Amino acid sequence: MVPLSWYLVLSAALFAIGAVGVFVKNNIISTLLCLELMLNAANLAFVAFSAFQGTIEGQLFVVLVMAVAAAEAGVGLAIVIALFRNRETLDVDESSLLKL
């Protein structure tokens with residue numbers, strides 16, 4: 001059986017990759033993908049803790065996080081489409097609404 005610490009290290013690594021991607025990437029789609037990676041890292045930690053404790057609460061949190069991620073993806077993609085129609089760019093730096 002794989003120890004809990006391996007899952008947590010993998011979860012931390014995925015979360016760190018996602019966090020770096022959010023801060024480094026300029027493309028909005030890439031930023032959304034990195035946010036999804038961070039949410040999946042949290043899901044992995046929830047499932048790992050749930051499995052090792054033998055409870056179901058972690059898996060219930062995963063369902064909640066997946067619902068939030070689906071809503072976030074839907075709203076985020078709608079914002080991206082609206083932004084691209086108005087500004088014709090997906091660059092975060094060029095898409096500030098306060099700039100003309």
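This section describes the helices of a predicted model, their packing and selected residues. Residues are numbered from 1 along each chain as its sequence is written. Local features need pLDDT of at least 70 and side-chain atom pairs count only at pLDDT 80 or more, whereas totals for chains, interfaces and linings use all residues; side-chain values use heavy atoms, with hydrogens and water left out.

The chain has a mean pLDDT (the predictor's confidence in each residue, from 0 to 100) of 90, and 96% of its residues reach 70 or more. Helices are DSSP runs of H or I with at least four residues, numbered from the N terminus.

The axes of α1 and α2 come within 8 Å and cross at roughly 165°; axes are lines fitted to C-alpha atoms, for helices over the stretch in contact, and angles run from 0 to 180 degrees between N-to-C directions. The two helices, α1 and α2, are therefore roughly antiparallel, a term applied to angles over 145 degrees. The crossing of α1 past α2 is left-handed, that is, the near helix is turned anticlockwise from the far one by less than a right angle. Residues in contact (heavy atoms within 4.5 Å) include L4, Y7, L8, S11, L14 and F15 of α1, together with T31, C34, M38, A41, A45 and F52 of α2.

S11, found in helix α1, counts as buried at 7% relative accessibility, where buried means under 20% relative accessible area, exposed over 50% and partly exposed in between (1.4 Å probe, protein chains only). Not counting residues up to four places away in sequence, S11 touches A41, A42, L44 and A45. V9, also found in helix α1, counts as exposed at 57% relative accessibility.

The loop between α1 and α2 contains N27, which counts as partly exposed at 32% relative accessibility. Leaving aside neighbours within four places in sequence, N27 is in contact with L90 and V92. The C-alpha atoms of N27 and V9 are 28 Å apart, with a sequence separation of 18 residues. For N27 and L10, the C-alpha distance is 25 Å over 17 residues of sequence.

Helix α2 has 26 residues and reaches 38 Å from its first C-alpha to its last, close to the 38 Å expected at 1.5 Å a residue. The expected span is 1.5 Å times one less than the number of residues of the helix. The buried residues of α2 are I28, T31, L32, C34, M38, A41, N43, A45, A48 and S50, and what covers them includes α1 and α3.

Helix α3 (residues 57-87) has 31 residues and should span 45 Å at 1.5 Å a residue; the end C-alpha atoms of α3 are 44 Å apart, which agrees. Its buried residues, comprising G58, V62, V65, A69, G76, V80 and L83, pack against α2 (28-53).

In the segment after α3 lies E88. Most residues other than glycine have a negative phi. Phi of E88, by contrast, is near 55°, a positive value in a residue other than glycine. E88 is exposed, with a relative accessible area of 64%.

Notes
Angles under 35 degrees count as roughly parallel, over 145 as roughly antiparallel, 65 to 115 as roughly perpendicular and the rest as oblique.
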